[in-house]
Amino acid sequence: MDLSLALDLGTLLIVLSNILFCPYTKVEESFNIQATHDILYHGFNISKYDHVEFPGVVPRTFIGPLSLAILSYPFINILKVVNASKMYSQIIVRSVLGVCSSASFSLFRRGVGRKFGSTTSNFLAILTISQFHLVFYMSRTLPNTFALNFALCAFYCWFTGNHPFFIWLSGFGIILFRAELAIVMGLIMLLELYEQRISLARSFVHIVLSGIAALGLTVSIDSYFWGRFCWPEAEVFFFNTVQNQSSNWGTSPFLWYFYSAIPRSLLLLTIILIFYGLWIDKRPRTIFGISIVYILLFSFLPHKELRFIFYILPLLNVVAAVGLNFIYMNIWKWRLRSIIATLVIGGLISNVTMTTMLMYISSLNYPGGSALNTFHHQVIKRNSSPQSLHICNLAAQTGVTRFGQVHPYVSYSKKDIKYDDVDKLKQFSYLILEGPCSYSNELFESLQEIYGFDGLTLHFDQTFPYIKFVKFIPKLCILKRRFEP
């Protein structure tokens with residue numbers, strides 16, 4: 001088998017393994033996964049859609065969920081025929097997104113191969129799959145993941161000199177999914193115009209046409225689903241940037257991306273290879289410069305998250321791959337080749353070890369999904385009498401989706417209630433509440449605690465392997481209403 005194809009398949013297998021290891025989703029993915037469910041299971045009956053009851057602070061586009069639903073539809077129908085759990089449908093939906101992301105990354109690598117050589121392209125794949133964050137998020141229904149697919153394809157067009165397609169892909173990614181893509185794509189366009197690789201007049205025509213097409217698509221589709229005139233990404237941009245409301249979800253120091261996000265994402269070996277690649281080869285310096293300027297400009301927003309800079313992680317890995325390729329091509333000329341080879345291989349092993357640990361820790365970060373699964377399999381089982389379940393906010397944010405609401409005799413509610421309001425509590429047969437689990441009283445009894453990740457610490461235990469580093473605490477608890485006298 002061709003090495004490049006093997007690496008493509010390896011990337012896809014790791015993406016899919018992340019889905020199986022961490023099948024649940026978090027609050028940032030909530031809109032897209034819920035909307036995909038509703039399109040698949042409620043069709044044109046929008047009154048039953050999750051966003052009608054829980055619209056969120058800003059609207060999101062339905063184009064991503066609609067695309068996932070269309071691509072997943074044949075497989076979901078098979079699951080319906082065999083009467084499989086809807087949780088398998090969620091895995092199918094995320095797998096479809098993971099396949100699309102893997103295909104976009106494969107195309108991106110082809111562009112890198114055209115510009116820097118096939119060996120550099122292969123090293124790019126090796127570095128990327130040895131890291132955790134980018135591959136982990138390739139299957140997650142974030143707006144940033146949809147935008148990443150457009151960005152990777154646009155980067156391919158940039159490397160291969162296909163400027164019209166670069167403009168169209170960039171325009172759709174910006175207008176439909178994430179406005180911040182305009183920064184990195186704008187920087188690339190300015191560079192291409194300065195280098196006279198494309199004319200200003202031709203660029204303007206494609207920018208206008210792609211803008212009109214993308215805007216027409218999002219306004220027509222999203223206005224239908226939201227029931228009003230709507231351009232979601234414009235409202236998101238206004239909310240986050242102009243009004244600076246995103247800071248309500250926390251702020252970070254100006255240099256947070258540089259001292260925290262980037263090192264955690266790329267890991268030590270890649271950081272070293274980036275600087276080496278810049279030193280020995282002038283070609284990737286433009287890519288590096290665009291990436292750094294993007295991060296600097298985006299650092300002015302107080303609210304910072306790793307997903308906001310997804311798009312430049314593949315570009316930085318290209319710079320590192322150039323450095324690794326130079327080592328590979330010249331190592332037999334060096335006296336210290338054994339030491340250098342050992343350091344590089346050791347660095348890759350270190351990456352894989354860290355990635356494995358992070359994957360395990362991430363699987364412990366979805367107590368809501370675990371609680372709902374426990375409720376179905378250990379508490380409610382095959383009960384055929386009508387039941388009602390209240391789902392607290394933490395559970396809804398850490399894994400509970402409509403795909404997980406699988407029991408036909410249970411009514412699920414995510415509405416906020418006050419836990420001292422006895423009359424409202426009496427409406428529910430079961431509760432999933434936030435820990436610590438001290439809610440047992442004359443009305444409800446505690447059935448089960450759901451533990452979750454609470455940091456790394458050295459402690460000793462009576463079971464193998466005796467010395468443990470992962471700390472667990474009760475995150476959620478499942479309660480059952482007592483029989484009334």
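Which residues line the largest cavity? They are Asn32, Pro59, Arg60, Thr61, Pro143, Phe146, Leu176, Phe177, Pro232, Glu233 and Val236.

Before going further, a note on what is on the screen. This is a predicted model, in which local features need pLDDT of at least 70, side-chain atom pairs count only at pLDDT 80 or more, and totals for chains, interfaces and linings use all residues. Residues are numbered from 1 along each chain as its sequence is written, and side-chain values use heavy atoms, with hydrogens and water left out.

Back to the cavity. On a 1 Å grid over the protein atoms alone, a cavity is a set of points where a 1.4 Å probe fits but cannot get out, and a lining residue has an atom within 4 Å of a point. The whole structure has one cavity of 30 Å³ or more, and the largest cavity holds about 70 Å³. Helix 8 (143–160), helix 9 (163–177) and helix 12 each give two or more residues to its lining; helix 12 gives the most, three. Helices here are DSSP runs of H or I with at least four residues, and strands are runs of E with at least two, numbered from the N terminus. By class, the cavity lining has seven nonpolar, two polar and two charged residues. Nonpolar covers Ala, Val, Leu, Ile, Met, Phe, Trp, Tyr, Cys and Pro; charged covers Asp, Glu, Lys and Arg; the others, Gly among them, are polar.

Next, salt bridges, meaning a side-chain nitrogen of Lys or Arg within 4 Å of a carboxyl oxygen of Asp or Glu. There are 12 in the structure. In one of them, Arg109 meets Asp8 at 2.8 Å, N to O. Arg109 is in helix 5 and Asp8 in helix 1 (residues 3–21), so this pair ties together parts 101 residues apart in sequence. Arg109 is buried at 0% relative accessible area, and Asp8 is buried at 13%. For these labels, buried is under 20%, exposed is over 50%, and partly exposed is in between, using a 1.4 Å probe and protein chains only.

Glu29 pairs with Arg140, the closest N and O atoms being 2.9 Å apart. Glu29 is buried at 3%, and Arg140 is buried at 0%.

Asp50 sits in helix 3 (residues 50–53) and Lys414 in the loop between strand 2 and helix 19 (422–425), 364 residues apart. Shared partners join Asp38, Asp50, Arg402 and Lys414 into one salt-bridge network.

Now the backbone. Most residues other than glycine have a negative phi. Leu267, with phi of about 70 degrees, is in helix 13 and is buried at 13%.

Leu255 lies in the loop between helix 12 (232–242) and helix 13 (256–280) and is partly exposed at 46%.

Conventions
1 Å grid on protein atoms, 1.4 Å probe; cavity = no way out; pocket = protein on both sides within 12 Å on 5 of 7 lines; lining within 4 Å. Points joined across faces, edges and corners; volume = space filled by probe spheres on them.
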